Amino acid sequence: MKKITKEVYLKWYEDMLFWRKFEDKLAAVYIQQKVRGFLHLYNGQEAVLAGALHAMDLEKDRMITAYRNHVQPIGMGVDPRKVMAELYGKVTGTSKGMGGSMHIFSKEHRFYGGHGIVGGQIPLGAGLAFGDKYFKRDSVTLCYMGDGAVRQGSLHEAFNLAMLWQLPVVFICENNGYAMGTSVARTSYSTDIWKLGLGYEMPCGPVDGMDPAIVAKEMDKAIERARTGGGPTFLEMKTYRYRGHSMSDAQHYRTKEEVEEYKKIDPITQVKDVILEKGYASEDDLKQIDKKVKDLVKECEKFAEESDFPPKEQLYDTVYEQEDYPFLQHKL
């Protein structure tokens with residue numbers, strides 16, 4: 001396993017703080033109607049991503065997830081200004097403003113989306129891993145889903161084939177407790193989601209998803225297993241989202257007191273405490289990081305604000321056209 005050093009903790013702090021502030025800014029501009037449609041924010045779940053990125057080989061490993069997908073591509077190396085512009089619907093965005101909040105994508109950085117269909121990315125993640133095994137590429141795919149998506153039949157189909165073919169994939173359930181707005185306890189007899197892997201004899205287990213160090217350790221083992229031909233793993237990251245399922249969520253299913261209790265184990269606070277306790281940085285050092293993060297968020301906002309909307313002609317550039325299609329009869 002890669003060592004978790006002083007530099008790693010400082011990177012975790014800066015990255016997670018930036019992701020949090022980036023999402024906070026999106027919430028603010030959404031209220032101003034500068035970002036439209038659905039908006040699903042990642043606040044509280046940052047340790048799941050930070051720990052995974054530490055264990056990955058970003059030169060060759062892949063990632064695919066659902067629609068809570070703004071900060072993952074940034075972690076994979078995508079320019080955050082382009083992500084912000086995509087949410088604004090601007091031509092400088094990752095998909096020229098035509099993907100929006102739920103469909104961030106970057107082939108260059110091996111981030112395969114953002115998917116709006118619940119559970120739709122699970123068989124696709126297995127498919128990416130199948131391609132790597134077929135072509136004998138030394139890559140691993142990380143396939144994320146929410147706790148609501150594990151009720152989909154496609155998960156079971158993907159799990160079965162992944163084990164049958166020993167695909168190099170790590171399935172990760174980000175269990176934030178409520179799916180779209182219904183607790184796990186109301187949708188499943190067993191609240192231990194990780195046990196779904198047992199039916200396929202897939203290595204599986206629960207993970208504290210609020211601590212990036214713990215996430216990194218478990219992800220490292222799963223990625224190494226996949227890379228060395230040991231097949232898939234299913235990990236249940238027990239985490240929590242501080243905001244609603246989306247910006248339109250009134251959150252009647254939980255109390256403010258519950259949210260405040262989980263904020264006591266905020267992943268950013270946990271990392272900050274370790275940094276200060278071990279003397280990796282001073283309060284003044286961290287304030288400099290805070291300022292750097294705020295400045296970068298402002299830069300992203302400015303880039304998105306000043307970028308142009310796509311020209312109307314772009315609509316026709318993305319439509320498949322075959323002039324000699326054999327089943328069309330042209331009237332003279």
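**Salt bridges, strands and a surface patch**

Glu 306 and Lys 302 are both exposed (over 50% relative accessible area; buried is under 20%, partly exposed in between; 1.4 Å probe, protein chains only). Their side chains meet in a salt bridge, 3.1 Å from N to O. Here a salt bridge is a side-chain nitrogen of Lys or Arg within 4 Å of a carboxyl oxygen of Asp or Glu. Both residues lie in helix H10 (residues 283–306), four residues apart, about one turn of the helix. Helices (H or I, at least four residues) and strands (E, at least two) are DSSP runs, numbered from the N terminus.

The model is predicted: local features need pLDDT of at least 70, side-chain atom pairs count only at pLDDT 80 or more, and totals for chains, interfaces and linings use all residues. Residues are numbered from 1 along each chain as its sequence is written, and side-chain values use heavy atoms, with hydrogens and water left out.

The whole structure holds 21 salt bridges. One of them links Lys 11 to Asp 15, with the closest N and O atoms 2.9 Å apart. This pair also sits within a helix, H1 (residues 6–31), at a spacing of four residues. Lys 11 counts as exposed because its relative accessibility is 52%. Asp 57 bridges to Lys 60, the closest N and O atoms being 3.9 Å apart. Asp 57 is partly exposed, at 28% relative accessible area. Lys 60 is partly exposed too, at 26%.

Strand S2 (residues 141–146) is mostly covered, with five of its six residues buried. Strand S1 (residues 62–64) runs parallel to S2 and is joined to it by three bridges. Two strands pair if DSSP finds at least two bridges between them. Ile 64 has Cys 143 of S2 as its bridge partner. S2 also pairs with strand S3 (residues 169–175), in the parallel sense, over six bridges. From S2 the chain passes through helix H6 (residues 153–164) to S3 in a right-handed β-α-β crossover. Right-handed means that, with the strands pointing away from the viewer, the path from the first strand over the helix to the second runs clockwise.

Phe 130, Tyr 134, Phe 135, Leu 161, Leu 164 and Trp 165 make a nonpolar surface patch of about 660 Å² (Shrake-Rupley areas, 1.4 Å probe; for residues, only the protein chains shown count as cover). Patch residues have over 30% relative accessible area and no salt bridge; like charges are joined within 9 Å, nonpolar side chains (Val, Leu, Ile, Met, Phe, Trp, Tyr) within 5 Å. Tyr 134 belongs to helix H5. With 57% relative accessibility, Tyr 134 counts as exposed.
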